[in-house]
Amino acid sequence: MATSEINENESSNLSARSAAATVYYPIAPGQQVNVRRGPNTGSQIVRVLPEDSRVAIRCQTRGETITGPYGTTDIWDSIAPGQYVSDAYVKTGSSGFVTIRCS
């Protein structure tokens, strides 16, 4: 493969990644959701999401099992560095992981 082909492919991949839109998922209707420092209810509450909020999920991890409007799960969604909400309160349309796992 010629150097110009490599550069064109890299440019194409970068363009595709930057064109991808951020997906926002709705919080369960009528719910105010605690955002915690870690993926469990023993972690400090850092803020509370108001009703009708939507969140972008950075990554997901396993943590404490929680029951909420969208079932029982041990999946927690990271919505910002050091900020987690239980996936039981986020309508992702899946009972599994919808994005990368947190490292």
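Reader: What should I know about the model and its numbering before I start?

Author: It's a predicted model, where local features need pLDDT of at least 70 and side-chain atom pairs count only at pLDDT 80 or more, while totals for chains, interfaces and linings use all residues. Residues are numbered from 1 along each chain as its sequence is written, and side-chain values use heavy atoms, with hydrogens and water left out.

Reader: Okay, disulfides. How many are there, and which residues does a disulfide join?

Author: The general idea first: a disulfide is a covalent bond between the sulfur atoms of two cysteines. The rule here is a pair of cysteine sulfur atoms within 2.5 Å. The count comes to one disulfide, and it joins Cys59 to Cys102, S to S 2.1 Å. Cys59 sits in strand E5 (residues 59-68) and Cys102 in the segment after strand E7 (83-86), so the pair ties together parts that are 43 residues apart in sequence. Strands here are DSSP runs of at least two residues, labelled E and numbered from the N terminus.

Reader: What is the handedness of that disulfide?

Author: The torsion about the S-S bond of Cys59 and Cys102 is about 95°, so it's right-handed.

Reader: And is Cys59 buried or exposed?

Author: Buried means under 20% relative accessible area, exposed over 50%, and partly exposed in between, using a 1.4 Å probe and protein chains only. Cys59 has 8%, so it's buried.

Reader: How do I read a salt bridge, and which residues form one?

Author: Side chains of opposite charge can pair when their charged atoms come close. The cut-off is a side-chain nitrogen of Lys or Arg within 4 Å of a carboxyl oxygen of Asp or Glu. Here Asp74 pairs with Arg62, their closest N and O atoms being 2.7 Å apart. Asp74 lies in strand E6 and Arg62 in strand E5, so parts twelve residues apart in sequence are tied together. Asp74 is partly exposed at 23%, and Arg62 is partly exposed at 44%.

Reader: In what sense do E5 and E6 pair?

Author: Two strands pair if DSSP finds at least two bridges between them. E5 and E6 (residues 71-80) pair in the antiparallel sense over seven bridges, and a hairpin joins them through two residues. As for Ile66, its bridge partner in E6 is Thr73.

Reader: Last one: which residue has a positive phi without being a glycine?

Author: Most residues other than glycine have a negative phi. Asp52 has a positive phi of about 65°. Asp52 lies in the loop between strand E3 (45-49) and strand E4 (54-56), and at 65% relative accessibility it counts as exposed.

Conventions. Helices (H or I, at least four residues) and strands (E, at least two) are DSSP runs, numbered from the N terminus.
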